[in-house]
Amino acid sequence: MRNIHIIVAYRGTHYAGWQRQPNGVTVEEKLREAIHSITGEWTTIYGSGRTDAGVHAHGQSANFHTDASIPPERFALAMNTKLPEDIRVMSSREVPEDFHSRFDARGKRYLYQLYLDKIADPFISDYAWQIERPLDMAAMERAAACFEGIHDFAGFMAAGSAVKDTVRTIHSIEFTKDDKLLTLAFTGNGFLYNMVRIITGTLVAVGLGKIGAGAIPEIIASKRREAAGITAPARGLFLDEVFY
């Protein structure tokens, strides 16, 4: 029995998230079907974490066990012949038997894209949150700096999570602007359920003047979800890379 590690890119627009479920088509389901098609095995796929419906990935990490004799590096090519066009295995390799994509992860980077214009671009509307009013970028960057470091992010977690420990470390939040597209890059040791989307919604509220940049430390300390901004739409979020 071999342990195969894969890196997966996907457009989440037409999927009910990563995790297999009875009432929707998911990325995990499609990968599992592809593996079965080439090996005859119904195996369990261990992802580094779940992504919600509509969320995308450049570098989702996952692993599975197989008895198939296919060379490890050829799983990517073989699986891609069985996958829909909006899911691709970017690489595959054999890893130690005890490797686990979720439990061995040491950090992640997420990207969130904002499209800054009054008129939506139909070619990126599935991949960015359109903001029609001007944003105060300097205020947003001051606010973002307040999130960096070790904090209890209980107020930036959506309801429904069973996580007990809500302390996380954000190493950096970086801003990159390319014409009308603003990308926020979040790097940290881990993220709570909807944490990146809630922080993004809060930063946009700062940029629109609805929340003061200086209020962020108090909002974090309050641990109250209602004190933060809205949850940004799923379509602008990308899981960019998982670190080991």
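This is a predicted model: local features need pLDDT of at least 70, side-chain atom pairs count only at pLDDT 80 or more; totals for chains, interfaces and linings use all residues.

Colleague: What share of the residues is buried?

Modeller: Buried means under 20% relative accessible area, and in this protein chain buried residues account for 51% of the 244 residues.

Colleague: Which secondary structure elements does the protein chain have, and why does it count as compact?

Modeller: There are 5 helices and 10 strands in the protein chain. Its radius of gyration is 19 Å, close to the 18 Å given by the globule rule for 244 residues, so the chain is as compact as a globular protein of that length. Along the principal axes, its C-alpha atoms fill a box of roughly 60 × 40 × 30 Å.

Colleague: Where is Leu116, and is it buried or exposed?

Modeller: Leu116 belongs to strand E5, which covers residues 107-116, and it counts as buried because its relative accessibility is 17%.

Colleague: With which residues is Leu116 in contact, leaving aside its neighbours within four places in sequence?

Modeller: With those neighbours set aside, Leu116 is in contact with Ile131, Leu135, Lys177, Lys180 and Leu182. As for Leu181, which lies 65 residues from Leu116 along the chain, the C-alpha atoms of the two are separated by 6.2 Å.

Conventions:
Residues are numbered from 1 along each chain as its sequence is written. Side-chain values use heavy atoms; hydrogens and water are left out. Helices (H or I, at least four residues) and strands (E, at least two) are DSSP runs, numbered from the N terminus. The radius of gyration is taken over C-alpha atoms; the globule rule is 2.2 Å times the number of residues to the power 0.38. Buried means under 20% relative accessible area, exposed over 50%, partly exposed in between (1.4 Å probe, protein chains only). Contact means heavy atoms within 4.5 Å.
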